[in-house]
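Welcome! Please take a look at the model below, and then let us walk through some of its features together.

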Amino acid sequence: MDNTINYHRAKIWQIAFFAFNNTATNLYMFFMFFISYYATGMLGLGVVLVSTLLTAMRIWDAITDPFVGYLLDKTNGKFGKNRPFIVAGNIVMIISCIIMYKFVYKAPENMRLLFFILVYAVYIIGYTLQCVVTKSAQTCLTNDPKQRPYFTIFDGSYNVVLFAGMQIVVSKIWIPKYGGFNAEFFNTFLIFTIIVSAILSTLAIIGLWTKDRTEYFGLGKPQLITFKDYWTVITKNRAIQMLVIAASTSKLFVTIQSNSIVLVMLYGIICGNYALSGEVSAIYSIPSIIIIILGMKFVASRMGQRKSLLFGTIGCIIFAALLLLLFIFGEPTTMSFKNPNFFTIAFIVLWILMQGFAGISTNIVIPMTADCADYETYRSGKYVPGLMGTLFSCVDKIISSFATTIVGLLIAMIGFKTTQPTPDTPYTTGIFWVTMFCVFLAPMIGWVLNIIAMRFYPLTREKMEEIQGAIAEIKAKNQ
């Protein structure tokens, strides 16, 4: 690294606290994983209708992104550029979720669908307001290429704990306690999500507090940003183009893999015990975090973020292929952690490795968007982190929005047109192959496309050092 560059670095605790912003929004995202059960079970909507509706809402989510990004790029008040969006977004999500889960299902039957759509649309605006900060504030937090991957260490670790821990709580505590996806289940889930997300958002604001200032933005001075600048970025910035293609294609299929219906089929039907999902989550959490930390420490910090993404992706493909073979030729119904056998041990080892490498390739994308924003500043002199983050999110959401529809159509093809598979659904060959496609084959397709796109991604570690040096020189001239 060029030690003559005057990098503005963050304290480690600031990076750790700021990473909680993504955890706060991901908690709401996990909560919404179960919205199809709410819509079909409590609102009385059909499976295909719900799947199509959720896809439409995801596209609405994508449409709002560029407008929120533009608003952020134009914002620079006394409370900073990013912090107001965290507060506003979290408040909107709280209000809309309370209305959705406490009142919509009590509305007259002929009004429920419209009421649900309107409230869900407002929720998405709040979600977008807070999510945009996770990517946009990366640039003002630190511009040190060696330090930026530290965000992934914290973010990846938090996400593993969040998704694994919540799966344990849902499958082993709340479902047995409340007897299914009913009003009591969603009420408890709602209260937990609101309180914990608000706490995490507050910590993120604290971590960002001293860095959310003009001197850390772009070239260190306010800029006039227009929609014309947005078009130039979209057509000229090869880095964000390739990152969007890579991440959004793999995200589509990984979203299919983590769909709540798919997990019910995998553990509840094929393995015969839905509670296994919680046990697996508990076991793989710590090892996966260790893999993420090692990947960031010895690959991303030393070789750059592009190579880190490739490293994680190749690992994912290898271990997903081995897991697929294990399910085809093994006996998944024998999985047991009380009496471990070959299938159990092989599954947990391969699952840990797949999830650990996925944590590297998935979470490194967020600090890579900051590299793309700095590249744009270097390339055109324009600082547009809001656009960079929301452009990425927009395309990502449009593509990944089809995950719910794909799952809905696949289960409809094997007979689930008015109801969804539950842990009590009898095993069929159709369920097995649909699940294998969703959990292993589909993600492998996304990861292969990921590798192809990265061949054309220009921001190597050496290039980022050149970029930060050039920006530092411009800042010095502006002072």
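The term salt bridge stands for a side-chain nitrogen of Lys or Arg within 4 Å of a carboxyl oxygen of Asp or Glu. Side chains of opposite charge can pair when their charged atoms come close. Both Arg461 and Glu465 belong to helix α20 (residues 461–478), where they sit four residues apart, about one turn of the helix. Helices here are DSSP runs (H or I, at least four residues), as strands are (E, at least two), and they are numbered from the N terminus.

Before going on, please keep in mind that this is a predicted model: local features need pLDDT of at least 70 and side-chain atom pairs count only at pLDDT 80 or more, while totals for chains, interfaces and linings use all residues. Residues are numbered from 1 along each chain as its sequence is written, and side-chain values use heavy atoms, with hydrogens and water left out.

| Residue | Relative accessible area | Class |
|---|---|---|
| Arg148 | 2% | buried |
| Asp371 | 5% | buried |
| Arg461 | 13% | buried |
| Glu465 | 16% | buried |
| Lys463 | 23% | partly exposed |
| Glu466 | 40% | partly exposed |

**The nonpolar interior**

A nonpolar core is a set of buried Ala, Val, Leu, Ile, Met, Phe, Trp, Tyr and Cys residues joined through side-chain atoms within 4.5 Å. Which residues touch the most other members of the largest core? Among its 131 residues, they are Tyr38, Met100, Phe116, Tyr123, Phe327, Phe347 and Trp351. Helix α19 (residues 429–454) gives the most to this core, with 12 residues. Apart from it lies another core, of 24 residues, including Ile15 and Leu141.

**Cysteines**

The structure holds zero disulfides, a disulfide being a pair of cysteine sulfur atoms within 2.5 Å. Cys438 counts as buried, at 0% relative accessibility, and Cys372 is buried with a relative accessible area of 0%.

**A nonpolar patch outside**

On the surface, Ile314, Ile318, Leu322, Leu325, Ile328, Phe329 and Trp433 form a nonpolar patch, with about 690 Å² of accessible area together. Patches are made of residues with over 30% relative accessible area and no salt bridge, where like charges are joined within 9 Å and nonpolar side chains (Val, Leu, Ile, Met, Phe, Trp, Tyr) within 5 Å. Accessible areas come from the Shrake-Rupley method with a 1.4 Å probe, and for residues only the protein chains shown count as cover. Helix α14 (residues 305–329) supplies the largest share of the patch, six residues. Ile328 lies in this helix, α14, and counts as partly exposed at 34% relative accessibility.

Conventions. Buried means under 20% relative accessible area, exposed over 50%, partly exposed in between (1.4 Å probe, protein chains only).
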